Amino acid sequence: MKLSEIKEILATLDHVDFQLENGTFVPEHFHVTEVGQITKNFIDCGGVIRQEKVVNFQLWNADDYEHRLKPGKLLHIINLSEEKLGIEDGEIEVEYQSGTIGKYDLDFNGKTFVLKNKTTACLAQDACGVPSEKLKINLSALPVSGSSCCTPGSGCC
């Protein structure tokens, strides 16, 4: 989800809820402690120099059980970050700590914001030798050689 999309959604909501993909809700007394833009410069395993930029939200659970972040307040924080930091309209990445700090993509299911699990991937599959798809082999088509292999019905397995 891009920053412009969350701004449009927030303008239509009465309350803000975040939920993990497994259905667990972020406690309703969460705080958005940071809104920023993160730039990552790196070299992939194939030697290609890359740059990624994301808009970063950090969610934090406080012991402030009376606190409820309203859509207008979050919209204000976003607008302030755009004005003061020059944040671009990029994809949002959310940091949230459950067991450890996790990074999530953001989606909206029509009612709540959903923290989507992120996964790692090789960006240079053509250079590192990892096949993009596991080869599918019909085992019955493999040649049987000598006495080192069992044959179907031989009772050796």
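Which residue in β5 is the bridge partner of E95? The bridge partner of E95 is K103 in β5. This is a predicted model, in which local features need pLDDT of at least 70 and side-chain atom pairs count only at pLDDT 80 or more, while totals for chains, interfaces and linings use all residues. Residues are numbered from 1 along each chain as its sequence is written, and side-chain values use heavy atoms, with hydrogens and water left out.

**Overall make-up**

- The protein chain has three helices and six strands, where helices (H or I, at least four residues) and strands (E, at least two) are DSSP runs numbered from the N terminus.
- Read from the N terminus, the order of the elements is α-β-β-β-α-β-β-β-α.
- The protein chain has 157 residues, and 30% of them count as buried; buried means under 20% relative accessible area, exposed over 50%, and partly exposed in between, with a 1.4 Å probe and protein chains only.
- Among contacts in the protein chain with a separation of 6 or more, 65% are between residues 24 or more positions apart; a contact means heavy atoms within 4.5 Å.

**Strand pairing**

- Two strands count as paired if DSSP finds at least two bridges between them.
- β2 (30-43) and β3 (49-61) pair in the antiparallel sense over 13 bridges.
- In this pairing, K40 stands opposite E52 in β3.
- The hairpin of β2 and β3 has five residues between the strands, and G47 takes a positive phi near 90° there.
- β3 and β4 run parallel and are joined by five bridges, with N56 opposite E93 in β4.
- β4 and β5 run antiparallel, also with five bridges, and a hairpin of three residues joins them.
- β5 pairs with β6 (residues 113-117) in the antiparallel sense over five bridges, and F113 in β6 is the bridge partner of F108.
- Four residues lie between β5 and β6 in their hairpin, where G110 in the turn has a positive phi of about 95°.

**Buried positions**

- β4 is mostly covered, with five of its six residues buried.
- V94 lies in strand β4 and is buried, at a relative accessible area of 0%.
- Leaving aside neighbours within four places in sequence, V94 is in contact with F57, L59, G102, K103, Y104, L106 and L115.
- V94 and Q58 are 36 residues apart along the chain, yet their C-alpha atoms are separated by 5.7 Å.
- F42, in strand β2, is buried with a relative accessible area of 17%.
- Not counting residues up to four places away in sequence, F42 touches V48, I49, R50, Q51, E52 and L123.
- The C-alpha atoms of F42 and E52 are separated by 8.6 Å, with the two residues 10 apart along the chain.
- H29 is found in the loop between β1 (18-20) and β2, and counts as buried at 12% relative accessibility.
- The residues that H29 touches, not counting those up to four places away in sequence, are A62, D64, Y65, H67 and R68.

**Largest pocket**

- The largest pocket has a volume of about 530 Å³.
- On a 1 Å grid over the protein atoms alone, a pocket is an open set of points where a 1.4 Å probe fits, with protein on both sides within 12 Å along at least five of seven lines; lining residues have an atom within 4 Å of a point.
- Grid points are joined across faces, edges and corners, and the volume is the space filled by probe spheres set on the points.
- The lining has 16 residues, of which K40, E52, E93, K118 and T119 are the closest to the centre of the pocket.
- β2, β3, β4 (92-97) and β5 (101-108) each supply at least two residues of this lining.
- By class, six lining residues are nonpolar, two polar and eight charged; Ala, Val, Leu, Ile, Met, Phe, Trp, Tyr, Cys and Pro count as nonpolar, Asp, Glu, Lys and Arg as charged, and the others, Gly among them, as polar.

**Cysteines**

- A disulfide is a pair of cysteine sulfur atoms within 2.5 Å, and by this rule the count is zero.
- C45 is in no disulfide, and the nearest cysteine sulfur, that of C122, is 3.6 Å away.
- C45 is exposed, with a relative accessible area of 55%, whereas C122 is partly exposed at 28% relative accessibility.
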